[in-house]
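I opened the model to look up its surface, its helices and its core. My notes follow in the order I took them.

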Amino acid sequence: MIRGALLIALAALLWATTGIVAKFLFASTDLEAITLGFLRLVVALPFFWLLMRREQRQLERASPGKKVPGSSLRHLGLKSLIPLAALGLFQAFYQGSYLLAVDLTGAGIATLIALCLPPVLVAILAAPLLGEKPGLLTILSLMAAIVGTAMLVLSDMDTAGSLRLAGLLMALLAAVVYTGFTLTSRYSSAGTPVFTTAFICFFTAALILLPVVALSGSFAGIETLGIKQWLMVAYIGVVPTCIGYVSFFSGMQTTPATLSSIIVTLEPLFVALLAWVFLGEILGPIGIAGALVLTAAVIVASRYGGKAGTGAKANAA
């Protein structure tokens with residue numbers, strides 16, 4: 001179990017580097033956030049296709065001669081494809097809104113808001129949508145999450161000297177989109193294998209973002225990329241997206257779901273630490289306290305509010 005926990009922690013650390021590298025890209029090029037989101041998906045797609053094919057071959061060997069769901073894309077019916085397409089839609093919106101929030105504010109505060117609020121929101125919304133009644137601790141965790149977010153906003157105003165409203169709203173939008181992603185993932189009971197789900201989700205998201213990027217003229221920013229910047233794009237597409245994903249699910253095989261969901265909450269804290277070391281982003285005393293309150297709220301929601309997106313986390317990372 002220790003090895004599994006370390007693999008999940010490694011995944012959280014790798015995911016945390018996304019916002020840091022993205023911030024360097026935005027500072028040194030004219031690359032738009034939505035374009036980076038699209039490029040990230042394109043780079044990751046071949047890797048997930050290979051993982052999907054390996055997964056399909058394993059299913060075929062396990063049940064030779066039978067039509068096992070997920071052993072081939074042809075075996076997926078409309079009932080399975082609709083929720084997967086919905087996940088792709090959420091993925092596309094999340095990529096754009098999160099990376100734009102990083103660009104407009106800072107990697108630390110954008111990630112704390114975008115990733116810490118959803119587990120709490122899921123625990124609350126699961127009641128009316130999925131019939132999962134929230135307990136008193138879940139409700140208290142929502143209140144704590146709101147307080148923690150407010151403290152982060154106040155800290156950001158203090159350090160930035162102004163209210164970076166657009167970036168904060170983008171981070172909140174990313175949190176809402178990620179909440180929808182998680183709820184859709186939990187609602188779907190198609191039983192589609194992990195990497196088949198990931199490939200279809202990423203492929204759908206890339207198809208959605210392609211015309212948006214093209215029609216908005218955002219591809220023009222690619223011309224400002226040099227070799228160093230292209231390596232950064234490749235890094236985001238391969239290391240946090242692909243290797244982080246595999247590390248997470250490898251760790252999940254031997255780690256209890258509750259412990260996994262708690263370890264995953266290390267990601268926003270990793271981002272805040274890396275942003276301080278590499279970007280000079282300082283939360284300040286109020287921001288640090290807000291981050292701790294928000295993290296505590298996530299742990300409570302994950303522990304007592306069900307599996308608040310543990311599996312979906314890797315899909316949206």
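Surface first. I took accessible areas from the Shrake-Rupley method with a 1.4 Å probe, and for residues only the protein chains shown count as cover. The accessible surface of the protein comes to about 14,000 Å². Carbon and sulfur atoms hold 71% of that surface.

Notes on the source. This is a predicted model, where local features need pLDDT of at least 70, side-chain atom pairs count only at pLDDT 80 or more, and totals for chains, interfaces and linings use all residues. Residues are numbered from 1 along each chain as its sequence is written, and side-chain values use heavy atoms, with hydrogens and water left out.

Secondary structure next. I took helices (H or I, at least four residues) and strands (E, at least two) as DSSP runs, numbered from the N terminus. I found 12 helices and 0 strands in the protein.

For the protein, buried residues make up 51% of the 317 residues.

Next, the core. A nonpolar core is a set of buried Ala, Val, Leu, Ile, Met, Phe, Trp, Tyr and Cys residues joined through side-chain atoms within 4.5 Å. The largest one has 79 residues, and Leu-36 and Phe-48 touch the most other members.

I listed the contacts (heavy atoms within 4.5 Å). Leaving out residues up to four places away in sequence, Phe-48 touches Phe-195, Ala-198, Phe-199, Phe-202, Thr-241, Cys-242 and Tyr-245. Among contacts in the protein with a separation of 6 or more, 87% join residues 24 or more positions apart.

Last, Ala-166. This residue sits in helix α6. Ala-166 is partly exposed, with a relative accessible area of 45%. The C-alpha atoms of Ala-166 and Ala-101 are separated by 7.8 Å, although the two are 65 residues apart along the chain.

Terms used: Buried means under 20% relative accessible area, exposed over 50%, partly exposed in between (1.4 Å probe, protein chains only).
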